[in-house]
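Please read it alongside the structure shown below.

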Amino acid sequence: MRVAILCSSPYSETGCAVAARLSQLGYVPVGALTLPSWDRRTILRKVGQWGLHDSLHYAVAKLSPGKSTIQKQIRNPYLESALRHGDGVFRSVREVAHTYGFPVATCSDQNSPRAIAQLEQWSPDLAIFTGGDILRDEVLKVPRLGILNAHLALLPEVRGMSSPEWSLLCGVPLGITIHFMDSGLDTGPILLRREFAGADGCDSPADLRNKMIAEGIELIAEAVAGLDRGTIPAVPQTDREKDRQFFVMHERLKAMATRRLKKVRLNPVSGGSNG
């Protein structure tokens with residue numbers, strides 16, 4: 001199985017963890033395609049998510065590891081096991097690539113002719129999206145099987161942004177869906193659909209999201225292995241199920257979601273489901 005990785009930045013922890021985890025399981029990527037380190041859109045998105053202070057702290061920890069402990073170099077603590085390498089941690093996709101022997105290419109736009117040409121050169125059976133641009137059809141059709149995404153909610157019930165928070169507000173069980181990407185928003189065929197049972201240890205929506213990201217990486221690895229063996233089917237979402245989409249959540253609603261999370265912690269999910 002020839003797998004490529006699409007990253008929002010060479011320093012994306014999720015991108016690093018996916019590349020490292022797949023490599024550990026024998027699915028060494030044929031290449032990683034990443035946006036530049038200082039891509040304006042990515043920086044603005046991270047500052048919006050984390051705030052300026054935390055974003056600067058993250059950049060310093062990645063670029064100056066000697067000044068930080070291993071724990072401080074990792075923003076998402078649930079990714080530590082995937083990022084651990086020797087006496088330190090992988091700080092960039094390039095470090096993972098150097099260890100496992102695969103190329104990394106940088107592009108200013110994942111939909112650009114240059115990006116498409118690079119993916120075509122690698123000829124992947126499958127690509128894993130870990131962040132970046134909204135992908136267009138020209139990119140989506142390059143990998144033989146398609147491009148996988150880990151969505152932090154159950155599909156088709158909760159599509160779009162702030163999905164863990166909207167799940168809490170709408171009374172939908174927390175969950176993770178591994179699906180193929182298509183031209184719609186979270187509307188592609190589903191490979192895995194699992195309820196998330198780990199919210200009881202989370203004290204904030206940010207902590208919940210971090211823990212779900214780590215679980216999503218394990219589900220991506222499971223999906224890649226299943227596709228390689230031919231044991232996992234892709235189940236299309238019906239048109240009727242595709243018409244509910246959520247957007248970035250207002251701070252007042254986030255506060256409500258936080259209160260709902262506390263209730264979930266007191267009544268954790270007892271099991272999961274496959275789809």
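Two strands count as paired if DSSP finds at least two bridges between them. By that rule strand 1 pairs with strand 2 (residues 31-34), to which it is joined by 4 bridges, and the two run parallel. The model is predicted.

- Leu6 stands opposite Phe129 in strand 6 and opposite Leu33 in strand 2.
- Between strand 1 and strand 2 the chain passes through helix 1 (residues 13-24), and this β-α-β crossover is right-handed.

**Helix 7**
- Helix 7 covers residues 113-122, and Ala115, Ile116, Gln118, Leu119 and Trp122 in it are buried.
- Seen down the helix axis, the buried residues of helix 7 fall within an arc of 160 degrees, so they line one face.
- An α-helix has 3.6 residues a turn, so residues three or four places apart point the same way.
- The face of helix 7 turned away from the buried side carries Pro113, Arg114 and Gln121, which are exposed.

**Second largest pocket**
- The second largest pocket holds about 160 Å³ of space.
- It is lined by 12 residues, of which Ile176, Glu195, Phe196, Ala197 and Glu215 are the closest to its centre.
- Strand 10 (190-195) and helix 10 (205-229) each supply at least two residues of the lining.
- Helix 10 gives the largest share of this lining, 5 residues.
- By class, the lining of the pocket has 5 nonpolar, 2 polar and 5 charged residues.

**Backbone features in loops**
- The peptide bond from Leu155 to Pro156 is cis, with omega near 10 degrees.
- Pro156 is in the loop between strand 7 (146-151) and strand 8 (159-160).
- Ser162 is not a glycine, yet has a positive phi of about 50 degrees.
- Ser162 lies in the loop between strand 8 and helix 9 (163-170), and at 14% relative accessibility Ser162 counts as buried.
- Asp186 is not a glycine either, and has a positive phi of about 60 degrees.
- Asp186 sits in the loop between strand 9 (175-180) and strand 10, and is buried, with a relative accessible area of 9%.

Methods
Residues numbered from 1 in each chain as written. Predicted model: local features only at pLDDT ≥ 70, side-chain atom pairs only at ≥ 80, totals over all residues. Heavy atoms only, no water. Right-handed = clockwise from strand over helix to strand, strands pointing away. 1 Å grid on protein atoms, 1.4 Å probe; cavity = no way out; pocket = protein on both sides within 12 Å on 5 of 7 lines; lining within 4 Å. Points joined across faces, edges and corners; volume = space filled by probe spheres on them. Nonpolar A, V, L, I, M, F, W, Y, C, P; charged D, E, K, R; others polar. Buried < 20%, exposed > 50% of the residue type's maximum accessible area, 1.4 Å probe, protein only. Arc of directions from axis to C-beta.
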